[in-house]
Amino acid sequence: MDNAGKIIGIQGQIIEVEFKNHQPNIHDVLVLEDDNSIKMQVALSSGLSSFFCLNLYSTDKLYRGLKVINTKQPILIPTGEAVLGRTMNIFGEPLDGLGEIKKTGEKPIYAQGLDYIEIVKHGEILETGIKAIDFLSPMIRGGKIGLFGGAGVGKTILLTEIIHNVVVLQKGKVVSVFAGVGERIREGHELYETLAAKQVLPFVSLVLGTMGENPAVRFLTGFTAVALAEYFRDNLKKDVLFFIDNVFRFAQAGNELSVLMNTIPSEDGYQATLTSEMASFHERLVSNKDNSI
């Protein structure tokens, strides 16, 4: 087959594949010829006709010589109002036990950010209803804010309160996207239950790649969540309250993968691609003239 290749190496969650003809593009999804539920994503070139791929499932069924097929598509996630109130993984598959997500379309998790001329910085304060934040460290609509703290001091609880207050104060105008990158599965479950109890879950989409997942899944969780935020901003014309808990583990997952792809580390042992990886994520978290993230 024109779009067929074979596995020539396996190192942790990094799979090296070879395509003699019709080589894949970066971000293309490959599946096993005998089992299309086993997926991997082309990450970068490792030779003239070979590529490093991120394995998105268990490596138990993989061995050298297996044939893989290029789907010629990146990871696609479901879109539509039905994604609100749902918890999903990087493929848009439900994790909440509520059945399949009724999609109206699909969207790739990778995209270019807005053109410079389209980006607008809104100068309004985003009221959270939490006096300590609104008075001492106000949040700006379309801005970014980081919460720093040790384990167990209440960062996730504070996020829950902000989601509740902002969605309630601006009902119908604001939706929220929560990306759980490398967090404990218990925390994701508690967040889901709390949002449901406070009746704001119908306005929130949760994307989870918990710490038990392999680094490729944890790394891609942020991109899936950003794609959802862009959809809400551009298609549903909503302001989006976007949370990533936490962004350090996004960088950490990229570091784990880079080691397996023989990337020479830069300062402090981080991957040499850290800056571009962070840029590809943050550059998409911007506002246009109508709506903000």
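1. Two strands are taken as paired if DSSP finds at least two bridges between them. Strands (E, at least two residues) and helices (H or I, at least four) are DSSP runs, numbered from the N terminus. On this basis V177 stands opposite F242 in strand 14. Strand 12 (residues 174–181) and strand 14 pair in the parallel sense over 7 bridges.

2. The model is predicted: local features need pLDDT of at least 70, side-chain atom pairs count only at pLDDT 80 or more, and totals for chains, interfaces and linings use all residues. Residues are numbered from 1 along each chain as its sequence is written, and side-chain values use heavy atoms, with hydrogens and water left out.

3. An open sheet of 4 strands runs in the order 8-13-12-14, with parallel pairing. Strand 8 (87–88) and strand 14 (239–245) are at the edges with a single partner strand each, so one side of each is left without a neighbour in the sheet.

4. Salt bridges (a side-chain nitrogen of Lys or Arg within 4 Å of a carboxyl oxygen of Asp or Glu) come to a count of 15. One of them joins the side chains of D96 and R86 at 2.8 Å, N to O. D96 lies in the loop between strand 8 and strand 9 (105–108) and R86 in the loop between strand 7 (76–79) and strand 8, so the pair ties together parts that are 10 residues apart in sequence. Relative accessible area is classed as buried under 20%, exposed over 50% and partly exposed in between (1.4 Å probe, protein chains only). D96 is buried at 16%, and R86 is buried at 9%.

5. A salt bridge between E230 and K107 has an N to O distance of 3.9 Å. This pair links distant parts of the chain, with E230 in helix 4 (residues 215–234) and K107 in strand 9, 123 residues apart. E230 is buried, with a relative accessible area of 4%. The side chains of D290 and K289 also meet in a salt bridge, at 3.4 Å, N to O; D290 is partly exposed at 43%, and K289 is exposed at 63%. Salt bridges that share partners join K107, E230 and R284 into one network.

6. Rings of Phe, Tyr and Trp (its six-membered ring) pair if their centres lie within 6.5 Å; planes under 30 degrees apart count as stacked, over 60 as edge-to-face and the rest as tilted. The count is 9 aromatic pairs. One aromatic cluster is formed by Y110, F219, F223, F242, F250 and F281.

7. Grid points are joined across faces, edges and corners, and a volume is the space filled by probe spheres set on the points. The largest pocket has a volume of about 990 Å³. Of its 38 lining residues, K144, I145, G146, F242 and F243 are the closest to its centre. Strand 14 gives the most to this lining, with 7 residues.

8. The structure holds 1 cavity of 30 Å³ or more, and the largest cavity has a volume of about 40 Å³. Its lining consists of T156, F178, G180, E183, E187, G188, L191 and D245. Strand 12 and helix 3 (185–197) are the elements that give two or more residues to that lining, and helix 3 gives the most, with 3 residues.

Definitions and conventions: 1 Å grid on protein atoms, 1.4 Å probe; cavity = no way out; pocket = protein on both sides within 12 Å on 5 of 7 lines; lining within 4 Å.
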